[in-house]
Amino acid sequence: MSRRTRAGRDPFDSPIPGDVESALGKLGIQIVGEDRENFRIPCPAHLRRKGKEDRDPSCYVHKDTGLFLCFSCDFRGPFVALVTEAKGLNSEGAAEWVAQQGTIDRAVRLLAGDTFAKKRDQQDEIGESHLALFTEPPAEALASRRISAEAARRFEILWDPSRRLWIFPVRDKAGKLLGWQEKGKGYFRNYPEGIQKGLSLFGLQALDGEEGVLVESPVDTAVLWTDGIPGGLASYGAILTPVQLDILADRLGRLVDAHDNDHDGRRERTKVYQHFHGTGLLVRYFDYGGLDPEQYKDPGQMTTEQNLTAYKSAYHPMQRRLASLRRS
């Protein structure tokens, strides 16, 4: 069977990063969604090709081959083309950058048929002892993200002192450690590669009560707790998996949806509301009010007063619709 792709290239014609997800993080490209085989990202060529930023991402990067395609502007090609666009390098410089990401190991795995999905299903067992390498976050790191030491301990947020990275353990709904997320300035990686984050919600083990506050990023659960708002649960991105939706249904009676204050976040919170409408789980929206989404995109970028106001003013979507009808 031919290995030719929609992009008209063989995935082995150009270097492929050893860890596509980590490479995207190093490029400063945010992953806004994923499925079994692809990451969804904002297209880095959108502004150049269409004259505007990509507000509704439909650019997909294959987790194994690194091949990508934007269905909106038709920007497509091997991963080196993505690097060329994101870093402003020529093709030779982009290939050299990709080569520094462990390309030989990736090519060998692909030739052996060891795909991302297969590796995910066969990943090495992760034990609690693996977390012994990490420490509690230092005071200056906590202050930089507006997190109290108590909140960090409650949500088991750790720190890699040698690389100065945040560590967010990923556990399934029974509490079993599956791995962790590593985050730093311009850096993002899931360990081990292929970890199934969609099997649980960050903060689930700290949940106390029947109300949850749904956010996208694990760090925002601790920010909310620091601000006096309990129940933070993070979905590791905008899109929830069926397993995560089932967990919410099983554990909660009330949900405040605090998806990011952007196009993707508003779209996904509508999906969450529609999913639970009529099920008995009361869903309200975190009230970002008139805050500028460029400056206040999520609870981590907001002040304590702003978060408390948004939480206390959380509203049922139907309330706004009825109010709008009355005004008209």
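## Close-up views of a predicted model

View 1. Once its neighbours within four places in sequence are set aside, Glu 136 is in contact with Arg 153 and Trp 159. This view, like the others, is drawn from a predicted model. Glu 136 belongs to the loop that runs between helix 6 (116-121) and helix 7 (139-144).

**View 2. The whole chain, as a guide to the close-ups.** The chain has 328 residues, of which 49% are buried, and its secondary structure comes to 13 helices and 13 strands. When contacts between residues at least 6 apart in sequence are considered, 60% of them join residues at least 24 apart.

**View 3. The packing of helix 3 against helix 4.** Helix 3, which covers residues 79-87, packs against helix 4, which covers residues 91-99, at an angle of about 110° and with 8 Å between the two axes. This angle makes helix 3 roughly perpendicular to helix 4, and the crossing of the two helices is right-handed. From helix 3 the contact is made by Phe 79, Val 80, Val 83, Thr 84 and Lys 87, and from helix 4 by Ser 91, Ala 94, Ala 95, Trp 97 and Val 98. Sorted by class, the residues of this contact are seven nonpolar, two polar and one charged.

View 4. Most residues other than glycine have a negative phi, and most peptide bonds are trans. Asp 74, a residue other than glycine, has a positive phi, near 65°. Asp 74 sits in the loop between strand 4 (68-70) and strand 5 (76-77) and is partly exposed, with a relative accessible area of 43%. Arg 164 is likewise not a glycine, yet its phi is positive, at about 55°. The loop that holds Arg 164 lies between strand 6 (158-160) and strand 7 (165-171), and Arg 164 is partly exposed, with a relative accessible area of 49%. At Pro 192 the detail to look for is the peptide bond that leads from Tyr 191 to Pro 192, which is cis, with omega near -5°. Pro 192 is part of the loop between strand 9 (187-191) and strand 10 (211-215).

**View 5. Ile 229, a buried residue in a loop.** Ile 229 is found between helix 9 (218-226) and strand 11 (232-234), in the loop that joins them. Is Ile 229 buried or exposed? Ile 229 is buried, with a relative accessible area of 0%. Not counting residues up to four places away in sequence, Ile 229 touches Val 213, Leu 224, Asn 307, Leu 308 and Tyr 311. For Asn 307, which is 78 residues from Ile 229 along the chain, the separation between the two C-alpha atoms is 8.4 Å.

Notes: Residues numbered from 1 in each chain as written. Predicted model: local features only at pLDDT ≥ 70, side-chain atom pairs only at ≥ 80, totals over all residues. Heavy atoms only, no water. Axes fitted to C-alpha atoms, helices over the stretch in contact; angles between N-to-C directions. Helix = DSSP H or I, 4+ residues; strand = E, 2+ residues; numbered from the N terminus. Parallel < 35°, antiparallel > 145°, perpendicular 65-115°, else oblique. Left-handed = near helix turned anticlockwise from the far one by under 90°. Contact = heavy atoms within 4.5 Å. Nonpolar A, V, L, I, M, F, W, Y, C, P; charged D, E, K, R; others polar. Buried < 20%, exposed > 50% of the residue type's maximum accessible area, 1.4 Å probe, protein only.
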